[in-house]
Every structure is written in C-alpha cells, then in structure tokens.
2 protein chains.
Amino acid sequence: MRLSRSFLPTLRETPKEAEIVSHRLMLRAGLVRQQSAGIYSWLPLGQKVLANIQRIVREEQNRAGAIEILMPTLQSADLWRESGRYEDYGKEMLRIEDRQEREMLYGPTNEEMVTDIFRSYVRSYKELPMNLYHIQWKFRDELRPRFGVMRGREFLMKDAYSFDIDEASARRAYNRMFVAYLRTFDRLGVKAIPMRADSGPIGGDATHEFIVLAATGESAVFLDKRALDTPVPGDDIDFYGDLTPIVSAWTEKYAATEEMHDKAAFEALPEENRVEARGIEVGQVFYFGTKYSEPMGAKVTGPDGVDHPVHMGSYGIGVSRLVAAIIEASHDESGIIWPESVAPYKVGLINLKVGDAATDLACDGLYERLTNAGIEVLYDDVEGRAGAKFATMDLIGLPWQLIVGPKGLASGEVEIKRRATGERESVSLDTAVAKLLGSS
Amino acid sequence: MRLSRSFLPTLRETPKEAEIVSHRLMLRAGLVRQQSAGIYSWLPLGQKVLANIQRIVREEQNRAGAIEILMPTLQSADLWRESGRYEDYGKEMLRIEDRQEREMLYGPTNEEMVTDIFRSYVRSYKELPMNLYHIQWKFRDELRPRFGVMRGREFLMKDAYSFDIDEASARRAYNRMFVAYLRTFDRLGVKAIPMRADSGPIGGDATHEFIVLAATGESAVFLDKRALDTPVPGDDIDFYGDLTPIVSAWTEKYAATEEMHDKAAFEALPEENRVEARGIEVGQVFYFGTKYSEPMGAKVTGPDGVDHPVHMGSYGIGVSRLVAAIIEASHDESGIIWPESVAPYKVGLINLKVGDAATDLACDGLYERLTNAGIEVLYDDVEGRAGAKFATMDLIGLPWQLIVGPKGLASGEVEIKRRATGERESVSLDTAVAKLLGSS
C-alpha cells in the first residue's frame, strides 16, 4: 500500500484522555477513533490488525474442531427470560424496544441463543460432540468505559459453545479449547498463561482465564516460574487424542490472579520459582454443565434411549481487546512493536527523497518485488523530513523498515532495520529483498 | 469438512412462513435460522457463503482504491442531528437509550459517521481523492420484515464513501465504484445491470441501482437487450485511467426499474431489443455533492488556499441480501445451484456405503487428495440411503458431486456430477481428481 493512497492519520501529541499506554498508542498511531464513550471506529491500520487476529483465532478454532456460525447482535428478551438471566444481568445489558414494542437486547454473550439453535436441530447423542463458535460484536454498557478498546462498550469477541452427552466428554471439549487457546495466543506473539479463575455470571465449576503478561497489565498475577517454560503444542497436535497431559502440565503449576490468589499455596513454592507479575485477561474458558440446557430444554437422546440435558461449556476470546493487550505487552517509548503475525504490514519502505529519480526508481522496484512476492508493504512515498518519517514508522511498529536514500544508493545500498531490536544493517538491494523474503 | 463433524441441519419440509424461493431454500438447506422477526443466525453453510461474498466484495473494493475501515454498529444521535436526518428517518431507525440516558441508534447507514471521521483528520485537497468503506451489520426496523434475509432487519452491508475536491473528481470516484460493482457482481456469478434509480433518503442527483436479473425477482425491470451483452472489464482494468467509456457503454443503453420506467423511451427501442424482466436490487451508487459535508463542516483547503466542502458519494452492496439474490437467480426444483466463486464447498463427496472397507478407503483417499490440493470438500461420511444423500447434495447446491460406491469401484470408477447441468460421467479416480483440480 502506498502511503499516498492510504489513510493513516497519526497524531503528534498524546491525547489527554488516554490513561494507559495501549490507548495512547492506538490513538497516536491512528488505529482507532472514539465515536462515543467506549465505542470506536477502526481506522485502516487498526482494521488490518483486527482482521489478522480474527484470522488466527478462526484457524485455531477450526483446527480444534469448532464450527463457525454467525449469530446476530440483537436478541429477543424472551430468550434470556428462559435462562433467568434477563433480570439478573443488570444495567450492563443494553435493553432495546423496537417499533412493535418488542423487548430486545444487544447481546453481551450468546449462551441462550446458541442453546436455542442447538435444541432446534439436534436430537441424538450421535451428533455430539459439537462446538459452535462465532466472531461477532457484543455490547456491555459499562458504567465507566475507559482504557480505549480495553474496556469498551461495543467490542468484538470470539465465543464458542460446546455440547456433550456427559461431563467426561464435556471435559474433553474443554481441554480442546484450552489447548486451542494456548496455540492461538502463542501464534499472536504474546505470552498467555491460563490461571484459576472465578466463574462470575456465566456460572459453572471449571474455568480458567488466559492472562497475557505485560508490565503495564491491569491486575497483579502470581505464578510458578516453570509455567513460563511450559511448551505450547505444535500444529501437529491431535485434538481428538488425549489432551489431559498437556492441560495438566499447565494447570498443575501455580498461576492465579489477585482475586483467586492462595497465598499459602504460592508461598509453598521454592522462593526462586515465585513470580509476581502483571497481566491482562484476553480469554476465558468455562465448563458449566447443564446450567442452560436444563431450563431451556436442550436435550439429546443418549445410547440408553433416554433424553439427557447436554453438558455445555463456553469459551471466549476478546478479539478487539487483544489489539490493546498485544500493545501493552509489546511496545517501547517510540511506539508499538507488532509481532509479525498480527502486524498490519510486514515492511515499512521509506523513501527518504521523494522526487529524486534514482531513489523513486529504487523504491518503486523494491515495492514491486516485495509485493509480488506476497509481502505486505507500506510504502512511504510522501514528501517529508527523514526524522518525521522514522518517528512515524517507529510509532506504527511494523516489524521491518527498509530505508532508501540517495546516499546509500550511490554505493548500491539500502538500510534494513528491525523494529523490535533497533538493529540496523546496510545491505545491497538484492540482499534486502532476500532477507525480507526469508525472515518469518 | 467431514459431514460427521459438521453441523448441517437440512429440513425435509418446506417451512410455511417462507413466501419466496430463496427464503424456502435457505431454511431447507440450513443456511440460516430466524431468531426474531427479520433477524437471523447464519448456520455453517450460510456463514461460509457470506464470507465468500465478503471476500470478493473486499478484493474489488481494494482493487478500485477504496480503503477498508470498520465503524461501530451503534452511533450517537447527536451526529445525526448535525445532518438533520435524526428527525427525518422515521421509525425505521432503531433508537436506543443507554444507561446514562444518552440517545443512540443502531446505524442504518454511515454517511454522518464517516463524514465525522473525515473532518477530524483531513485538511488538504492533497490527501484526496479518498474512498473509505466498511463491511458491517446495519439495522432497519422494517414494519413488515419478510422474505428471509432479502428484507431482514439486521443485515450486512458494504458501504463506501468517497471524498473529492470538486464535482469532476467526484464523478471519477463514482465511475470507479460503478466499474468495481460490475466486476464484483460478475465475479459473484450473477448478471447485474446498472439502472436509473431514485435517490431516496440518501439524496443526490446521480445514482444507479444494480439489479440482479432473476425470474422470481421482486420488481419488474425494462431494458435494452444490448445491455445484456455489454462486456465487464477484466482484472487488468486501470482504475486511475479514464473509465468514462466503460460507464457510458452501460448507461447509454436503456435500463430502468418500474419506478423510473420511461415508457416512451423504452418503446423508442426496436421491438426486438425490448426486454421486460424481473430483478432484485443488490447495490446502489450515489453522488450527492455537499449534502453532508456542508452542514457537517467537512472541508479541505484547495489549491487556491480556500476551504471547500468536499464532494461526496456513497456506494452500498447488500452483502447478506446477495446470498438470497444469488439463490433467486440460480436454483432449480431440487435446490440451490451455487456459482463456484461463492459455493460453501466446491465438491460434495458422497460415500454411498459407509462402513464398506473399500468404499471408505477410496473416499478417504479422494478427500485427502482434494483437500491437500486446496479444494474445499464436504465429505458425506455418514450412513444413509443413497436417495437421501443425493437429495441433500442437490439441495445444498455444491458445484460438483463426486459419487463413490462399491459397484463403480469394482470397475475402478466413480461418478462425477455437475450440479448446474445434471451431467454425470463415470471416470477413474485419477481422472476425477484431475477434472476437479482443473475445473474453475
């Protein structure tokens, strides 16, 4: 993408309303713009990051056997009366009346609706296990929306729902999502640790939160150092094999947020293994048995010929929140440092002297070669001072910068810079292309 | 995807509430499920078709130089007061009050919001032309939602908005979208004709509707036969070149919906060129000048150093509606006939004797070979009668069926069927694979 044909409104000044670093950087780098309290437009760079995160989340859900559907944003209040949550949910639920005076709501989550879909079609245990997920906008009318998309009102969530004939099978479904989450966050380039958690309004007796470690995280976390070195399964993982050893390797090591912290258990660890850190919740998995299937009549005929309410779990990932969480975990004083898997572009190509024939020619050629090889390049082809160009590229945090100016070109060289380390190297044009094609 | 691990709830009976063929087929083929009046969940097959349509729409928007963003579903009423449309819009606009008693609405379209984004960042004519688009759910509180997703309340729309310094430049932006639409609908496998249209509540003086021709279409259309043979530009089209000849080739031939029909002009055509048909609106393009930029203060400094309100256009495609429109244009009495570009899977692989070792082995092998070659296959690996399997495959309308049974295998053959023509052929396994890899 040529910068001259793009729309990348970066800000020089730090917006006053932004209290945390990800919010400041998202506004400054032109990823989002606030439209109302806790409601954001995603500008081109932000939209691309959001799409990259969705793609990885989707690939890992599919790999784990979950099936994608898409439920609407608006729901009928009657459905929520069936589970008893319509009254329980309080003011965070945005209640709406349509022109026919029907009571509706903007879905904050989808347990009721997916249970309704399930009960409408599925009759036999033979169709199980089943896991349905969608990636859709949700709304929670937070009293004090803040911290940008970290605690927004309209937010994008991936939510999956598993249906099984009994608890043993439901635990296997839980484990599949647990492992899918390990893989998902790993691919997104963040260190996320599953931690003991409280089940809150979803209900249920088994639940883990996945917490991204970040020095600027919202809450204190306590963990066994060895959790940091526990391996994440590769993409040859068999989701229909026994996942218990993998899950146990994580859950048997102490890891808890402040709310669930068990001081005695933590202090029983050898001192050198006790890690106190900060983190941001980016996902949560729940097993809640028949909490919804029982009142809503979601039953299947078992092998015994008898109807059983299905055992369910639900599994959320905060997709829009992840954009902020990744930034909290990966930035420096100059700006964002995108992990390559989610970066809006892999390479920022900087033309230091727009209008200079040789420099333009070299840049155009590099842009074409990289683009034709399938590499996403943001090409700064706009006149401007070198200092401002460097500052903008550092701010928006693309993994690689390719810097081209008349001086270097005179000796056949361009500069290549790795954003994460600041490392710079002068190389020939061919070497630069080869390096960018080869790096991952 | 193995059918045994999928979720494809087809219905035997025709649902009573469905009045038009696309609605009936979408319910029977398990593409959607109604959740409330005019509000649908997209089940796995429907979700995949919707995703395929979005991908093609997005590719052609990008090719034409439009830039993707993502605006939220909920908007502030104040923004709509600036343009004067908050009062004008009437009961189709879903008005919402949040917990702080702020007036919000579920966006039926985004002229105001995108104008707000534009005026917040863009100052100079040098940043123009600019075209921002998004693909997002919208809501229109129809008095009588019906015909399934054809006239739903919550619907998915692609809407683009162009910003230009003057009318001449805005007309070029209009032409770019006009040509992008020709290409988009062509790639989606439907015949869509741009027709003279009424500008309605968007306002403006130049507008065309794009109408998909379908015998079961909602409205009568009148056109010059030669419009049917006007060529659609290939993917080597230069969107920054002069598109006037292409646009004129379409617009100079008579084509109008009933509302805009000019009987005298139509009857001036030679009789053999007069075509009366039926059609479905799937897109509309508008040029409306400074209707929003003037009251909302979206101005840029021109080359003359003076501020000018920008000239705008907007360009919609009904993404969810297209799923129904494509079905209206492409079905027979047995079910849907998906154009290959939007089909949820390219091939339906039917195992006629699940449990028979040789048949299972052959099917598993074909499934693996095709899948590894990047072809999307729905593999019916579930026990059932041949007749029911054939009926379901015909109903869901995948372009190709690959039918494998013990009888054919005994002589080394499988059957390959093209859904659109019903043509069947017995061929070797290798020939079948080669044929499916080669076909487009």
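**Ground rules.** I noted that this is a predicted model, in which local features need pLDDT of at least 70 and side-chain atom pairs count only at pLDDT 80 or more, while totals for chains, interfaces and linings use all residues. Residues are numbered from 1 along each chain as its sequence is written, and chains are lettered from A and ligands numbered from 1 in the order in which they are written.

**Domains.** For chain A, the assignment gives domain 1 (3–336) and domain 2 (347–438); such bounds come from an automatic or database domain assignment. Their centres, taken over C-alpha atoms, are 38 Å apart. Across the boundary, 9 residues of domain 1 of chain A are in contact with 10 residues of domain 2 of chain A.

**A sheet in chain A.** I traced 5 strands in an open, mixed sheet, in the order β20-β19-β21-β22-β23. Helices (H or I, at least four residues) and strands (E, at least two) are DSSP runs, numbered from the N terminus, and two strands pair if DSSP finds at least two bridges between them. The edge strands of chain A are β20 (377–380) and β23 (424–428), each pairing on one side only.

- β19 (residues 347–351) and β21 (residues 400–404) of chain A are parallel over 5 bridges, and A:V347 has A:W400 as its bridge partner.
- β21(A) and β22(A) run antiparallel, joined by 4 bridges; here A:W400 stands opposite A:R418.
- β22(A) and β23(A) are antiparallel over 5 bridges, with A:V414 opposite A:V427.
- The hairpin of β22(A) and β23(A) has 5 residues between the strands, and A:G422 takes a positive phi near 80° there.

**Helix α14 of chain B.** Which residues of helix α14 (residues 429–438) of chain B are buried? I found B:A432, B:V433 and B:L436. Buried means 20 or more other C-beta atoms within 10 Å of a residue's own, exposed means 12 or fewer, and partly exposed lies in between, with C-beta atoms placed from the backbone. Seen down the axis of α14(B), the buried residues fall within an arc of 95°, so they line one face of the helix; the arc is that of the directions from the helix axis to the C-beta atoms. The face turned away carries the exposed residues B:D430, B:A434 and B:G438. Among the partners of the buried residues of α14(B) are β19 (347–351) and α11 (357–372) of chain B.

**One glycine.** B:G397 sits in the loop between α12 (386–396) and β21 of chain B. Buried or exposed? B:G397 is buried, with 25 other C-beta atoms within 10 Å. The C-alpha atoms of B:G397 and B:A29 are separated by 8.8 Å, though the two are 368 residues apart along the chain. Leaving aside neighbours within four places in sequence, the contacts of B:G397 include B:W338 and B:R419.

Technical notes
Contact = placed C-beta atoms within 7 Å.
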